[in-house]
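Before reading on, please take a moment to look over the sequence and the model.

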Amino acid sequence: MFSSPSLITSSLVLFAMLSALAFIDAHEQRLPDILTLPLIGFGLIAGFLNETPLWSGLSGAAIGYASMVAMEVGYRRMRGADGLGRGDAKLFAAAGAWCGLIALPYILLVASASALVFVLTARLVGAIKFSANTRIAFGPFLAFGIAVVWIWLNASLVWVTSS
């Protein structure tokens, strides 16, 4: 699955940082720049080391960031309240840097589906009372989506390639 030393090292760095970010966001509802911003840079370096074209990571980071900011601003205008934080946008930029532009919809799908399963399960068992104003950290779900898609891409299970 993960055959080259650079891919193994890259994966360990990614998973360690995603774990830290998920934990912090779940407990503090924030994704600190001190971790999200270097993760973008590490993703571009990992792409270079693993022979992924630079344009893939750069375009993924730019579109990932811009799309989350657009959702954040659109939600705020529609609802008059914050729905996403800028940390989510930076983490999604990191997703694009690591996995490439083509992987962003898959990451968002896995993150959103896992968040929905969490909310429905927590509501079913009565663990959390939810309302329209309940705040749920999205970072842990984004981190999970990034990890799943990273493994998926690097296990050669899909037709998505970086060439």
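Begin with helix α5, where Y106, I107, V110, A111, S114, A115 and F118 meet F141, L142, F144, G145, I146, V148, V149 and W152 of helix α6, a contact being heavy atoms within 4.5 Å. The residues of this contact divide into 13 nonpolar, two polar and no charged, where Ala, Val, Leu, Ile, Met, Phe, Trp, Tyr, Cys and Pro count as nonpolar, Asp, Glu, Lys and Arg as charged, and the others, Gly among them, as polar.

This is a predicted model, in which local features need pLDDT of at least 70 and side-chain atom pairs count only at pLDDT 80 or more, while totals for chains, interfaces and linings use all residues. Residues are numbered from 1 along each chain as its sequence is written, and side-chain values use heavy atoms, with hydrogens and water left out.

Helix α5 covers residues 104-124 and helix α6 covers residues 139-154, and their axes come within 8 Å and cross at roughly 130°. Helices here are DSSP runs (H or I, at least four residues), numbered from the N terminus, and the axes are lines fitted to C-alpha atoms over the stretch in contact, with angles from 0 to 180 degrees between N-to-C directions. The two helices are therefore oblique to each other, since angles under 35 degrees count as roughly parallel, over 145 as roughly antiparallel, 65 to 115 as roughly perpendicular and the rest as oblique.

How do α2 and α4 pack? Their angle is about 15° and their axes are 7 Å apart, which makes α2 roughly parallel to α4. In this contact D33, T36, L37, L39, I40, F42, G43, L44 and A46 of α2 meet G87, K90, L91, A93, A94, A97 and W98 of α4, and these residues divide into eleven nonpolar, three polar and two charged.

Turn now to the largest nonpolar core, where, of 37 residues, L39, C99 and I107 touch the most other members; such a core is a set of buried Ala, Val, Leu, Ile, Met, Phe, Trp, Tyr and Cys residues joined through side-chain atoms within 4.5 Å. Helix α4 gives the most to this core, with nine residues. Not counting residues up to four places away in sequence, C99 touches I107, I146, V149, W150 and L153.

Finally, S56 lies in helix α3 and is buried, with a relative accessible area of 9%, because buried means under 20% relative accessible area, with exposed over 50% and partly exposed in between (1.4 Å probe, protein chains only). Leaving out residues up to four places away in sequence, S56 touches G96, G100 and L101.
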